[in-house]
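Notebook, one sitting with one model.

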Amino acid sequence: METTPSQSEWLIMEVFWAAGTSLTAKEVIGKICNKTDMSPRMVRVLLNRLWQKGVLRYTVDEHDARVYHYAAAKSK
């Protein structure tokens with residue numbers, strides 16, 4: 001399985017590396033959609049792909065099981 005991020009996935013990873021902390025999908029969408037023409041749905045798809053590739057990890061919010069906190073699993 002390919003683990004190298006695509007160009008779009010790389011843009012999302014740049015957000016995580018710049019933040020240096022975990023982010024929710026909503027926070028990533030807020031940061032990415034202002035700079036690109038990516039839809040919120042596409043950002044969520046890419047987050048899932050990055051998780052499947054092992055580039056991101058996540059934890060489930062302790063107060064709301066619908067909210068995931070993503071963090072970079074690999075450094076730049």
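**Entry 1. S8.** I looked up S8 and found it partly exposed, at 31% relative accessibility. I used these cut-offs: buried is under 20% relative accessible area, exposed is over 50%, and partly exposed is in between, with a 1.4 Å probe and protein chains only. S8 lies in helix α1. Helices (H or I, at least four residues) and strands (E, at least two) are DSSP runs, numbered from the N terminus. Leaving out residues up to four places away in sequence, I found S8 touching M38 and L46. Contact here means heavy atoms within 4.5 Å. S8 and M38 are 30 residues apart along the chain, and their C-alpha atoms are separated by 8.8 Å.

**Entry 2. Ground rules.** I noted that this is a predicted model, in which local features need pLDDT of at least 70 and side-chain atom pairs count only at pLDDT 80 or more, while totals for chains, interfaces and linings use all residues. Residues are numbered from 1 along each chain as its sequence is written, and side-chain values use heavy atoms, with hydrogens and water left out.

**Entry 3. Salt bridges.** How many salt bridges are there? I counted three, taking a salt bridge as a side-chain nitrogen of Lys or Arg within 4 Å of a carboxyl oxygen of Asp or Glu.

I took E9 and K53 to begin with; their closest N and O atoms are 2.7 Å apart. E9 sits in helix α1 (residues 7-19) and K53 in helix α3 (residues 40-53), so this pair ties together parts that are 44 residues apart in sequence. Are E9 and K53 buried or exposed? E9 counts as buried because its relative accessibility is 2%. K53 also counts as buried, at 17%.

Next I looked at K76 and E14, whose side chains meet in a salt bridge at 3.3 Å, N to O. This pair also links distant parts of the chain: K76 is in the segment after β3 (68-72) and E14 in helix α1, 62 residues apart. K76 is exposed, at 64% relative accessibility, whereas E14 is partly exposed, at 27%.

The remaining entry on my list was D64 with R66, where the closest N and O atoms are 3.1 Å apart. D64 is partly exposed, with 24% relative accessibility; R66 is exposed, with 73%.

**Entry 4. The sheet.** I traced the strands and found an open sheet of three, in the order β1-β3-β2, with antiparallel pairing. Two strands pair if DSSP finds at least two bridges between them. β1 (23-24) and β2 (56-60) stand at the edges with a single partner strand each, so one side of each has no neighbour in the sheet. β1 and β3 run antiparallel and are joined by two bridges. I checked T24 and found its bridge partner in β3 to be H69. Helix α3 packs on the sheet and touches β2 and β3; the direction of α3 makes about 105° with that of β2. For such angles, axes are lines fitted to C-alpha atoms, for helices over the stretch in contact, and the angles run from 0 to 180 degrees between N-to-C directions.

**Entry 5. Helix α2.** Which residues of α2 (residues 25-32) are buried? I listed A25, V28, I29 and I32. Seen down the axis of α2, the buried residues fall within an arc of 100°, so they line one face of the helix. The arc is that of the directions from the helix axis to the C-beta atoms. I then looked up what they pack against, and found α1, β1, α3 and β3.

**Entry 6. Aromatic rings.** I counted five aromatic pairs. Rings of Phe, Tyr and Trp (its six-membered ring) pair if their centres lie within 6.5 Å; planes under 30 degrees apart count as stacked, over 60 as edge-to-face and the rest as tilted.

One of the pairs is Y58 with Y68: the ring centres are 4.6 Å apart and the planes at 5°, so the pair is stacked. Y58 is in strand β2 and Y68 in strand β3, 10 residues apart. Y58 is partly exposed at 31%, and Y68 is partly exposed at 30%.

Y58 and Y70 form a tilted pair, 6.0 Å centre to centre with 55° between the planes. Here Y58 in β2 is linked to Y70 in β3, 12 residues apart. Y70 counts as buried, at 11% relative accessibility.
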